[in-house]
Amino acid sequence: MLSHLRLDKDKDSPLYIQLYEAIRDAIESDALQSDKLPSIRNLAKQLGVNNVTVVNAYKQLEQDNYIYTVKGSGTFIKKPSFSQESSLVEEGDMELMLSGIFPLLKNSIDFASVSPTPELFPIEEFKKSLVEVLDRDGGQAFLYPEITGFGPLRESISQFLLEHYSITATKDQILITSGGQQGLDIISKTLIQQGDVILVENPTYPGAFAAFQSRGARILGIPMDQEGIDLDELKSYVKRYRPKFIYLMPNYHSPTTICYSETRKKEVLRLAREYEFYVIEDDFLTDLSFSDEKKLPLKTLDRFDQVIFIKSFSKIFMPGVRIGFMTLPRALMKDIIKAKHTTDISSSGYLQRAFDLYLRKGFWRDHIDMITGFYRERYRLMVSGLENLKHLGISYLEPRGGLSVWVSLPKEFDAMELYEECGRRGLAIVPGKVFFTDDKNSEKYIRLSFSAVGEKEIHKGLEILKDILSHSKDEPSERYMPFL
């Protein structure tokens with residue numbers, strides 16, 4: 001389209017404004033065939049204008065968030081990777097969901113949330129730790145700890161990693177964070193420059209996508225199969241784009257619940273070593289397995305400090321106690337610590353001291369054993385119920401762990417329409433659309449969680465789903481499209 005662009009030197013409007021408006025209109029109308037714009041010199045020559053005209057137009061476009069520049073590579077159109085279009089979903093709701101925040105209808109059956117039910121919170125055990133810290137440390141408990149975190153807790157986590165995952169990380173390689181999401185934010189601040197290419201699984205966790213996008217990353221999604229990320233696609237993207245890092249959830253991946261095979265993990269690490277990029281491993285569900293097969297993180301296989309391991313304890317402990325950590329590659333230690341300091345100075349010293357005692361007394365292992373048994377029963381109910389719906393055309397990969405099931409819908413069903421109809425009937429689910437980096441296949445999937453519902457609610461929710469799948473496609477639509 002830009003090859004036909006002409007500027008009118010007789011107009012009162014400055015040439016750079018004319019150029020800015022022409023490119024802006026082409027971007028908004030999706031009229032450009034390539035996401036890369038011509039170089040300043042080439043476009044100036046084509047239009048017969050001074051380089052300064054193009055420079056000023058590009059500056060205005062970048063200021064208004066239409067384009068971004070990658071030093072040494074060129075200037076690119078800045079397009080959102082998640083489509084914001086929806087039918088009956090409120091515009092604000094979709095925007096929240098694309099950021100990882102799932103609106104929940106009041107009094108609905110909650111198949112959407114992956115937060116634990118409050119009845120599982122280890123209140124008594126953690127209260128003992130809180131009281132003991134106050135008796136032992138007094139006012140010291142409320143001082144700022146080190147930026148990297150309370151020293152004894154970092155020692156406890158170092159021992160935890162060795163005992164549970166065979167990961168060797170010294171106390172000095174541990175950074176305490178206020179949950180896993182803060183770890184992702186710190187990584188974004190440390191590693192991402194405007195226009196850097198970041199690779200993610202497709203689908204992926206929207207909270208991570210939002211964190212990377214906020215720093216101006218160019219995010220590319222790579223499809224998955226039943227063993228993990230597609231290696232052929234990964235190799236192609238790595239060679240072509242030389243990414244800054246790749247973001248993965250190798251165990252009980254969100255949302256697909258896939259666990260990477262050992263072979264797939266090793267190949268990812270080999271590529272990271274060969275092409276010198278980091279792997280960000282996000283983990284919060286490795287411990288929650290319902291089979292005898294023990295899952296280990298990708299970090300367990302890391303021998304060259306290529307994996308930054310981020311783990312949140314909050315999700316299966318108590319979400320309001322924001323405790324997590326990340327391992328620090330030696331080459332990035334100083335930069336990551338600076339980013340942590342500018343984020344919140346340090347995480348709560350009192351809670352860190354209490355959680356240190358909680359780990360040392362063995363309460364964590366007891367808690368995991370308890371909730372694994374509890375959720376195994378809910379998992380069996382959900383899977384058994386879904387098995388009875390297979391005749392209606394759904395399919396799923398049995399995860400054998402985690403807190404949700406990723407369901408593929410019959411071809412005649414659209415996930416967004418199903419989400420809306422479930423909402424009308426008091427059932428909260430998550431449409432697959434919110435997890436994909438593009439619209440391809442996004443209408444085929446829904447995620448169903450069993451973490452916040454009891455036995456009766458699981459049965460009732462599945463009955464609602466069964467009724468919709470059985471009858472909705474045969475009934476005339478009575479829906480109304482809102483004026484958006």
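This is a predicted model: local features need pLDDT of at least 70, side-chain atom pairs count only at pLDDT 80 or more; totals for chains, interfaces and linings use all residues.

**Reading strands and their partners**

Analyst: We may begin with strand pairing, where two strands count as paired if at least two bridges are found between them. Here, strand β6 (residues 197-202) and β7 run parallel and are joined by six bridges. Within this pairing, Glu-201 has Ile-222 in β7 as its bridge partner.

User: Which helix belongs to the β-α-β unit with β6 and β7, and what is the handedness of that unit?

Analyst: The helix is α8 (residues 206-214), and together with β6 and β7 it makes a right-handed unit.

User: How many bridges join β7 to strand β8, and in which direction do they run?

Analyst: Two bridges join β7 to β8 (residues 228-229), and these strands run antiparallel. They form a hairpin with two residues between them. Asp-225 stands opposite Gly-228 in β8.

User: Is strand β7 mostly covered or mostly uncovered?

Analyst: A residue is called buried when its relative accessible area is under 20%. In β7 (residues 218-225), six of the eight residues are buried, and the strand is thus mostly covered.

User: What is the strand order in the open sheet of four strands?

Analyst: The order is β13-β14-β17-β16, with antiparallel pairing. β13 (395-396) and β16 (430-431) stand at the edges; each has a single partner strand, so one side of each lacks a neighbour in the sheet. For β16, two bridges connect it to β17 (residues 445-449) in an antiparallel arrangement. Pro-431 has Ile-446 in β17 as its bridge partner.

Methods:
Residues are numbered from 1 along each chain as its sequence is written. Side-chain values use heavy atoms; hydrogens and water are left out. Buried means under 20% relative accessible area, exposed over 50%, partly exposed in between (1.4 Å probe, protein chains only). A crossover is right-handed if, with the strands pointing away from the viewer, the path from the first strand over the helix to the second runs clockwise.
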